[in-house]
Amino acid sequence: MAVLGAGAWGCALATVLDDAGVAVTLWEPDPGAASRLERTRTHSYLGVQIASSIDVTADLARAVRGRAMLVVATPSAFVRSTVTAAASHADSGAVIVCAAKGLEVGTHLTMDRVIAEAAPGFPVVLLSGPTFARELAHGLPAAAVAAARDNAPALATQKIFSGGRLRVYTTDDVIGVALGGAFKNVVAIAVGVSDGLGFGDNARAALITRGLNEMGRLAVRMGAHPLTISGLAGLGDLVLTCAGDLSRNRQVGLALARGEALGDVLLRLGQVAEGVSTARTGAELATNLGVAMPITTGVAAVLYDNKPPREAVAELLARDFRAERD
Ligand SMILES: NC(=O)c1ccc[n+]([C@@H]2O[C@H](COP(=O)([O-])OP(=O)(O)OC[C@H]3O[C@@H](n4cnc5c(N)ncnc54)[C@H](O)[C@@H]3O)[C@@H](O)[C@H]2O)c1
């Protein structure tokens, strides 16, 4: 197997596979970072050793050639370029498992669609769910879902990732899993803002629930099954990302509430917070489809139009009266 991307998530997934006895090559595009990782065997954010049995390389062709499965764990902004480059070296039957969560900026495409364009004909699986990399890397238990249109690649992904610490379910609802994983990060920014402003537990519960509602409306409009949004890749990941202090998207919201500038926050985090780009791309997608997503739109306005967070919350509360299911 090859894991493409040696950030927090790529290193954690490589560790899970290595512990299960799977031979893993971990690709890091930056040659300096790759040789540092190979030498030190540590990922400072995760706080774990990367086992010496995990082969680390900056050579993409060497990483993917002859592999049965390629796990893409780069930030979503690099999924297209990584998969395009990987596909030219990969075996035609290789399963591409995408572990990135987001929407492509500009095209508004979900990651499965991006991969289908970048590597036509390859089976694609989305692996998603409530899984903080650091907890998984430390051997704590978690559950996830493998989504694919055909059952065989989903089952293969389930089998290879399920072990001592991870329980993997399967589904054919690819769009539901893709949208749940993308939009929960946006709601987490909103919750971080609300918590940072001291708005309390009632407001947090309302944002999580209404966030789930707007994610669900968009997902169903795009063909998802409603139950997927209340599953691991929807509600499960939403609860984790909104409540867990390891969530970078929640941290972005908390920092914005303190009055920090977005650029400074992202620089300090030093790692991707997917909700930042998903807020704008998601708001554009919702507008194109005529689906009301007031929380997503509000987060985008705070992030990109300098709307004061308090004003965004006031606008949410002042919206026209409506029925809960609308
Ligand atoms: N961290 C988590 O707990 C977690 C859990 C589940 C899913 N995810 C998802 O996994 C994805 C990656 O997250 P992360 O936390 O590992 O991010 P990260 O910021 O730690 O990833 C950095 C890595 O991205 C790769 N990268 C950087 N520039 C690149 C380029 N130009 N081309 C290709 N690869 C490049 C490099 O390998 C780098 O080490 C995101 O979509 C995230 O939402 C993360």
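## The pocket between the domains

The domain bounds used here come from an automatic or database domain assignment. The model itself is predicted. Domain 1 (2-172) and domain 2 (175-317) each contribute residues to the lining of the largest pocket, so this pocket lies between them.

Its volume is about 1100 Å³. The lining takes in 45 residues, and Gly7, Ala8, Trp9, Arg248 and Val272 sit nearest the centre. By class, the lining comprises 20 nonpolar, 16 polar and nine charged residues. Several elements supply at least two lining residues each, among them helix H1 (8-19), strand S3 (42-43), helix H8 (174-196) and helix H12 (248-257). Helix H2 gives the most, with four residues.

## The second largest pocket

The second largest pocket has a volume of about 480 Å³. It is lined by 19 residues, with Ala206, Arg210, Leu316, Leu317 and Arg319 closest to its centre. At least two lining residues come from each of helix H9 (200-221), helix H15 (294-304) and helix H16 (309-317). H9 is the leading contributor, giving six residues. This lining is made up of 11 nonpolar, one polar and seven charged residues.

## Where H4 meets H5

Now for the helix pair. Helix H4 (residues 79-87) and helix H5 (residues 111-118) have axes that come within 9 Å and cross at roughly 35°; the crossing is right-handed. On the H4 side, Val79, Arg80, Val83, Thr84 and Ala87 make the contact, while H5 brings Met111, Val114, Ile115, Glu117 and Ala118. Seven of the contact residues are nonpolar, one is polar and two are charged.

Key. Residues numbered from 1 in each chain as written. Predicted model: local features only at pLDDT ≥ 70, side-chain atom pairs only at ≥ 80, totals over all residues. Heavy atoms only, no water. Axes fitted to C-alpha atoms, helices over the stretch in contact; angles between N-to-C directions. Left-handed = near helix turned anticlockwise from the far one by under 90°. Contact = heavy atoms within 4.5 Å. Nonpolar A, V, L, I, M, F, W, Y, C, P; charged D, E, K, R; others polar. 1 Å grid on protein atoms, 1.4 Å probe; cavity = no way out; pocket = protein on both sides within 12 Å on 5 of 7 lines; lining within 4 Å. Points joined across faces, edges and corners; volume = space filled by probe spheres on them.
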